[in-house]
Amino acid sequence: MAAFEPVLSRNWNVPDSHTLPVYESRGGYKASRKALTEMDPDKVVQVVKDSELRGRGGAGFPTGLKWSFLPKDRTQTFMCVNGDESEPATFNNRLLIERDPHQFIEGILIACFATKAATAYVYLRFEYIHAFRIMERAIADAREKGHLGKDIYGSGFDLEVYCHRGAGAYICGEETGLIESLEGKRGWPRIKPPFPAIEGAFRKPTVVNNVETLACVPHIIERGADWFKSIGTPKSYGPKLYCISGHVNKQVCVELPLGVTTNQLIEEHAGGVWKGRKAKAAVPGGISMGLLSAAEFDVPLDFEEIRKPGCLGLGTAAVTVMDETTSMVDYLYNSCRFFAHESCGQCTPCREGTGWLYKMMKRIKAGGGRLEDLDIMDNLAKNMGIMPGTTICGLADGAAWPVRNALAKFRGEIEDYIKTHQAPRYQVTPLQQAIAHGQSPVGSDTPMPDPTRRLPGPDLSTRATAHA
Amino acid sequence: MATIIINGTEHTLPEGEKLNAIQAAKLFGHEIPYYCWHPALSVVANCRMCEIEVGSKDPKTGEIKMVPKLVPGCQTPAKDGTVLVTDSEKVSVHQKMIMEYLLINHPLDCPVCDQAGQCGLQDYSYEYGQAAHRFVEERIVNPRKDVSDAIQLNQDRCIMCTRCVRFTREITGSGELNVINRGNHAEIDIFPGQPLDNPLAGNVVDLCPVGALLDKDFLHKQRFWFLSKHDSICTRCSTGCNIAAEENRGQLWRFRARYNPKVNDYWICDEGRSSYKSANEPNLLSAMFARGVAGGGLTQVGVEQATTLAREGLQRMAREGGAIAGILSPFLTVEEAYVMSAYLKGISSSAVLALGPIPSMGSDQTFTPDKIAGRNGDTSFLVPRPFTIHAEKCPNRMGVEAILSHFQGEVIDYAAISARVASGEFRALFVASDAIDPAYMEDDAAKLRRSDFLVVMDTTVTPLARLADVVLAGATFAEKAGSYVNFQGRLQYSEAALPPRDGSLPDLDLLAILSGKGTAPIHSRTILAEVATVVPAFSIVTEGKVPEFGVIIGGTPEPATVGAFPYTDPWLTPRGDHPTESGPNGRKQP
């Protein structure tokens, strides 16, 4: 590990790192010149494929493979760069853009050359006003110096890059939601197929890549696929920007080889847990990826190993640490509130499910919890998302995973909370309870009439006694 | 030969149709419930009701591989080797879950909801839902609002299938409706100050699977289950849209679109939709009248007396060697035009037959949805078809012309016959008016009065009727059965939706009495069968039966129609009508 040399963040602390002369003086735009003048697009795709670069946006899909899904006979291709970065506690794209925009533009240039895209759209998060201005300036500078525009480096390749600001929706970080939003529509993810590689932005073949993914590309071209594969763990190669936030002494974004552990991040880079406390849990890669308990902090944070303790994936590698005083009820409440607020409202299970989870957590937090609520939550969480196949995009998985992980790992604590926090004002009324169980309200001596034939649905005869 | 396996049974798929799993399952008698899917709209798969287990059979080894997760049926193509499981435990648990979700914020106001009885939520709750509900939190009550002067949106009932939004974007291209807000606060809405007022707007009410979009014209007027539905043809323009005329207690309450891929697809225009009102007008002719029976003016007479007077008057003129003319309205059915022409030619072989005035308004308006442009989601199953509202505001010009051409080899238009009548050429004139709006104003009426003896068959008190010698009270479009030939030359059959009004008789019966065929009610199918044997243009019709989607007359071959798979939303299909037993659509063949 000691030999690791940061590449993505190498310019971050250089004065005026966002300007073109500084970037060029530090070896910038060499890789793009090499790619455009010495290589052909298929060769570039092959190099990226060989490097086994996986998308840094969250899903970890192999980038070279994604590029090779484009139809061979396409006449027009669009590149969309996902800079929406709306996952809570994630800020690596912001630093990449604000501190080193030209590295990013060089990545765009090479990726567009490889995919034969003459237009690239950089979709930036609404809140990134500063990054937007820096990008606008950087694009103008690059264009003036011939790194963008017509016939770049005399290779005959044209490229225009446009910046587009979102309108503040989490869902627009989903690739098809992003495309819809870019087209000026409501950010509702599209069903697949057709995949964006076949029919994406403006119904043309489209590649959607994350900012960090593209920032890796110039280095792969410059140093070769073997260099890239020498970093990281099997199936998860290369450097990665880890964001560490939450209850630590130093909230930072550091570049490390893939596969460091949470413990290493906290102790070596974040200065330990704050106030001398112990850590209780951590979110491994953005809120949607689930939850690691302190006992699981030695699991390597890469694309494969992180699944073993039951997390959804590496996500954006934004680790949020929670200390021992943090209530898991608060964590779940916050997570459910976030997803209920951000669900786009398209698919029924997500639209209604996230809202239901949120309301349930709100009631539990206020003191109206029932133990059976946890079973209902677990059941809801297991049935929403693209994993069970009930939604179009992964937002519902992201909403479900914190619930599933928290209930699997901290159920005892949440049950204790429910038992010790009971406020009559927020409790479920006997009538609500009765309706929910399909039985007559407590205290009423009029039994519900027996249906002449069994109604569709669960057999209520057994339930009635269970909750009596 | 492509085979598909549904719930363990192999079926052979029809050639040349691109079906999805829902359609294929329906074809072979399995129901996959759905809300957001509609064959004319792009597939967005957002209701998630139609999720099933899907797999494929390896053609070589015969091994079946299932997709591990649930897949929306609306998006699954039915191909050779596709395996569908629609009735497994996994699927039914999922359906229960979706029903539970959809009912979270849905008010249980079925007793006062117009959709009750034909509601997707009600039907599927019963078939696929559950009796208990685990939701004990506070519900969201979204507001009610007007999306136009004619359409109300009860947002609390909406299940966000977005059919209406896609309709305005993809079919009319006007895009008035949109979705605002996110998550479970999402609502359908219009842009400020831009109501949903395109000419096809009313179709969103038909499209809505629940009672969220409501026609204010019909709101709280009738319960759906009391309405009897009649397969009719709209008479408002020459398109000849297929409609379901819904009647109760001798009154029409509304028209809904009826599927015909060759004519109107799934839609009707708002003008046609509201045209039912003219059949309920209080000032329709309620009796027959004759001049000179008692005193000088028009006097009310019985049916027998009126028809006798008319027949004797016409015959007397013919006997005296006077010229006779008949003017046939383009609102007459083919059968009526035939009987009337045969009758007048029977009185005098030199009788002149002419076509009445062709009402026209504006210009043709065509909506041409594109397969790709303006659409979202998966459009691979779509076969877009245009919809035209014609400027020619009558249903049967082509049909009447075909009859006239047969009887006298040419069609005399109204301008010519009007000039000839005005010049005093004819001693007797028989005018079948029957238009919804009066076809002859004072000037025209005065010209036509130049004949010595004037018989008028009409439905309202028009200026011409006031001048007539005999006024026969005929049937409105809703009261008569018969066939119309639309702008394509397509013969379509329309059922009568209402019984004849008191004091009137259907035109066909009146004409039969005049022709001396007796007073027993005469069936239009009998006449149509006769027309088919006598008039070569109609020879394609056999035994008086018109196929479900109509038939092109005059020997022109039927154009091939792709993607014309029979379709009715299941909540509108009468229960118990099995899709495969009584023909496509679950409807009996006429």
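A charge sits over a ring if NZ of Lys or CZ of Arg is within 6 Å of the ring centre and within 35 degrees of the ring normal. The exercises below concern a predicted model.

**Exercise 1. Charges over rings**

Find the ring that R404(A) lies over, and give the distance.

*Solution.* R404(A) lies over the face of W401(A). The distance to the ring centre is 4.4 Å.

**Exercise 2. Classify two ring pairs**

Decide the geometry of the pairs Y259(B)–F549(B) and Y414(B)–Y440(B).

*Solution.* 
1. Recall the cut-offs: planes under 30 degrees apart count as stacked, over 60 as edge-to-face and the rest as tilted.
2. Take Y259(B) and F549(B). Their ring centres are 5.9 Å apart and their planes stand at 80°, so this pair is edge-to-face.
3. Y259(B) is in the loop between β14 and α6 of chain B, and F549(B) is in the loop between α14 and β26; 290 residues separate them.
4. Check burial. Y259(B) is buried at 6% relative accessibility, and F549(B) is buried at 12%.
5. Take Y414(B) and Y440(B). The centres are 5.6 Å apart and the planes at 55°, so this pair is tilted.
6. Y414(B) belongs to helix α10 of chain B, while Y440(B) is in the loop between β21 and α11, 26 residues apart.
7. Check burial again. Y414(B) is buried at 13% relative accessibility, and Y440(B) is buried at 2%.

Widen the view. The whole structure holds 31 aromatic pairs over all chains. Ring pairs join Y259(B) and F549(B) into a cluster whose members include W37(B), Y128(B), W267(B) and W571(B).

**Exercise 3. Locate E24(A)**

Is E24(A) buried, partly exposed or exposed?

*Solution.* E24(A) lies in helix α1 (residues 20-25) of chain A. Its relative accessible area is 33%, so E24(A) is partly exposed. Leaving out residues up to four places away in sequence, E24(A) touches Y29(A) and H147(A).

Conventions: Residues numbered from 1 in each chain as written. Chains lettered and ligands numbered in written order. Predicted model: local features only at pLDDT ≥ 70, side-chain atom pairs only at ≥ 80, totals over all residues. Heavy atoms only, no water. Helix = DSSP H or I, 4+ residues; strand = E, 2+ residues; numbered from the N terminus. Buried < 20%, exposed > 50% of the residue type's maximum accessible area, 1.4 Å probe, protein only. Contact = heavy atoms within 4.5 Å. Phe/Tyr/Trp six-rings, centres within 6.5 Å; stacked < 30°, edge-to-face > 60°.
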